[in-house]
Amino acid sequence: MKKDKLKPMLFSVMKTYDGKKLVTDIVSGIIVAIIALPLSIALALASGVGPEQGIYTAIVAGFIISFLGGSRVQIAGPTAAFATIVAGIVAKNGMSGLALATVMAGILLIVMGFLRLGSLIRFIPYTITTGFTAGIAVTILVGQIKDFLGLTYPQGTVTIETMEKVEAIVRNISTINVQALIVGAVCLVILIVWPYISEKIPGSLIAVIVGILMVRFLKMNVNTIGDLYTISNKLPVFAMPDFSLAMIKNVAPDAVTIAILAAIESLLSCVVADGMINSHHRSNMELIAQGAGNIGSALLGGIPATGAIARTAANIKNGGRTPIAGMVHSIVLILVLVLLMPYAALIPMPTIAAILFMVAYNMCQWRTFVHLCKTSPKSDIAVLVVTFVLTVVFDLVVAIEIGMIMACVLFMKRMSDESVVSGWKYYDPEEDPDGIDLKEIPKHVRIYEISGPMFFGDADRLAGVHFKDFTKVIIFRMRGVPALDASAMHAMEQLYDRCEAAGVQMVFSHVNEQPMKTMEKSGFVEKVGRDNFRPHIDDAIEWASNIE
């Protein structure tokens, strides 16, 4: 397998860059910036921070990740996957705690990249990524019901966890604002219908404009961003987070969560993009870029960022083929921040909620979820459903931890079920006419066929090996054993002691490379005798026939 280069893709594509590519990249970058603008604001609000924090993230992280990234077309910025996590961190530790967690996550991502751990992403089961993605979608949807319906909560109502939000919605459903619901419903209809009218102009931008016009000219009593947040059009300013030992210890679990989720989301986005442009990304370089982008975002007032699949796909569809498009998207957002940001105060909150409803719907993968429930083994369905439920009821950290533990345990059980230690049966040629081609085995020789990996999950199967008083040799045919771990090796040594006590010699046939290395390293080969390891079953039978 070709080693993944630690070289930004930008430096490779510039060798053949020309004016035509520059024009298409600029056009695509502008279009993606228009798409990213309302999304960045909406996701920032869903994350419990100010609207400009979302723009800062798209500008700083978007530029750095495009400049250093391992993908030709990746567009990075705030994403829905982080919304509930960020909101929880901000509620507990404030913006300083979030900045520290994001910097620590960035450092972890850079270390992961230099250790070339990018390929390890494939070991996270699809059921877990599908489960927590659907769970995040539900948490986003629940979090936006308040603004969509224009509900009013009593002062002091705590709504950090998803279940707390559900409880608050149920208790205060009588405070529904019909005018807010009308604005939200109209914007939601626009978001659903607009793609059938035009794909050139993003529906979210049209929904924002319509929402502003409805509230302004119809004098509707609906909360806008300006009613709830102070809008700033200032450029991001460098700020060092609190690096105290107590705070580092406090946010360390959050940093690990951000790093793992950023790695999963960004590399999944890269894989999707590869399929769309028939290219291949550099996963380890992408992790380093994600790390640098998140550190930059945190130090300049932003929130965690990762590759955004929807924006990346939009970049590809509009002709973007190099990282220049992503860098242009960030530069355009700087101009928007300085010139147009004050107008963001006019955006109605139900419009933001409608945009996030669509984000949640697009990321939930409900068709995939249902398909997996219909077609997957029961163990995979259990992992999928448990991960989904835990993400909604508790949080992503608990969901991934328990999901991975379940997946590993169930996988080991499945592998254990596939492993078999079975003895060859003896046939009388006179009674069994079909046995004329069977191998002739001396009476004092017993043969066991071992199939499947031998590991701690099924090491006790060797305890089932038995022999008669007249048995002098046991042959173990191991052509179907690809791997042998320490627990199985210990069980094999215990079996050797049992055989030695009974005066039975062990002979091995066709031991594969990894099991052989394990046996050699443990001294087992020397204990049994190297001559008793034969390359083929016929050779082993002939060798055993001469042992009395």
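**Rings, cores and confidence**

Visitor: Hi! What is the relative accessible area of F11?
Guide: For F11 the value is 39%, which counts as partly exposed (buried is under 20%, exposed over 50%, partly exposed in between, with a 1.4 Å probe and protein chains only).

Visitor: What sort of model am I looking at?
Guide: This is a predicted model, where local features need pLDDT of at least 70, side-chain atom pairs count only at pLDDT 80 or more, and totals for chains, interfaces and linings use all residues. Residues are numbered from 1 along each chain as its sequence is written, and side-chain values use heavy atoms, leaving out hydrogens and water.

Visitor: How many aromatic pairs does the structure hold?
Guide: It holds 9 aromatic pairs (Phe, Tyr or six-membered Trp ring centres within 6.5 Å; planes under 30 degrees apart are stacked, over 60 edge-to-face, the rest tilted). In one of them, F11 and F67 have ring centres 5.9 Å apart and planes at 85 degrees, so they are edge-to-face.

Visitor: Where do those two sit?
Guide: F11 belongs to helix α1 (residues 9-13) and F67 to helix α3 (residues 51-68), so the pair ties together parts 56 residues apart in sequence. F67 is partly exposed too, at 33% relative accessibility.

Visitor: What about F508 and F533?
Guide: That pair is stacked, at 4.9 Å centre to centre with 10 degrees between the planes. F508 is in strand β6 (residues 505-509) and F533 in strand β7 (residues 533-534), 25 residues apart.

Visitor: Are they buried or exposed?
Guide: F508 is buried at 0% relative accessibility, and F533 is buried with 12%.

Visitor: Changing topic: which residues touch the most other members in the largest nonpolar core?
Guide: Of its 100 residues, I41, F132, I140, I347 and I352 do (a core is buried Ala, Val, Leu, Ile, Met, Phe, Trp, Tyr and Cys joined through side-chain atoms within 4.5 Å). Helix α4 (residues 80-114) supplies the largest share of this core, 15 residues. Another core, of 29 residues, lies apart from it, and F533 is among its members, as are I474, M478 and L484.

Visitor: And where is pLDDT under 50?
Guide: Residues 429-437 stay under 50, and the model gives them 2 contacts (heavy atoms within 4.5 Å) beyond four places in sequence. Where pLDDT is low, the predicted coordinates should not be read in detail. The chain averages a pLDDT of 89, and 96% of the residues score at least 70.

How values were computed:
Helices (H or I, at least four residues) and strands (E, at least two) are DSSP runs, numbered from the N terminus. pLDDT is the predictor's confidence in each residue, from 0 to 100.
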